[in-house]
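Reader: Walk me through the helix packing and the pocket, please. Keep it brisk.

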Amino acid sequence: MEDESPPVACSLNQTNLAERTARWQALAARALRQAAPTRDGVRLVFAAGPGVAAELESLAALERECCAFAAWSVHAGPAQVTLDVTAGSEEAVTAVRSLFPEIPTATPNAAP
């Protein structure tokens, strides 16, 4: 039986990758409060503020297209907006974590 999982790769070209990276960096500079590895990916917590949830939802939707090997889930609350990025294989989890260099590389002992 052949594995039907999407390849662990990003489909963006260099120009689009640079633009996307700039958007992530701008959002992080404005609102990122916490970034941590989870057992199967990463969790980023942003302060809720004008446009933060909308930008995070937009970026997550774009990432679902180019990095389909991971699940991108946004949860908005009154004080914070959380992004959980999860993957199903060790290779994919490593790739997810490499997308966010501000996150420590240590793997936590417990699930989120």
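Author: The axes of helix 1 (residues 14-31) and helix 2 (residues 52-66) come within 11 Å and cross at roughly 150°. Axes are lines fitted to C-alpha atoms over the stretch in contact, with angles from 0 to 180 degrees between N-to-C directions. Helices are DSSP runs (H or I, at least four residues), strands likewise (E, at least two), numbered from the N terminus. This is a predicted model, where local features need pLDDT of at least 70, side-chain atom pairs count only at pLDDT 80 or more, and totals for chains, interfaces and linings use all residues. Residues are numbered from 1 along each chain as its sequence is written, and side-chain values use heavy atoms, without hydrogens and water.

Reader: How is helix 1 oriented relative to helix 2?

Author: Angles over 145 degrees count as roughly antiparallel. The axes cross at roughly 150°. Helix 1 is therefore, relative to helix 2, roughly antiparallel.

Reader: Which residues of helix 1 meet helix 2?

Author: Contact means heavy atoms within 4.5 Å. On the helix 2 side, the partners include Val52, Leu59 and Cys66. From helix 1 come Arg20, Arg23, Trp24, Leu27, Arg30 and Ala31.

Reader: Which element gives the most to the lining of the largest pocket?

Author: A pocket is an open set of 1 Å grid points where a 1.4 Å probe fits, with protein on both sides within 12 Å along at least five of seven lines; lining residues have an atom within 4 Å of a point. Helix 1 and strand 2 (41-47) each supply at least two lining residues. The most, six residues, comes from helix 1.

Terms used
Parallel < 35°, antiparallel > 145°, perpendicular 65-115°, else oblique.
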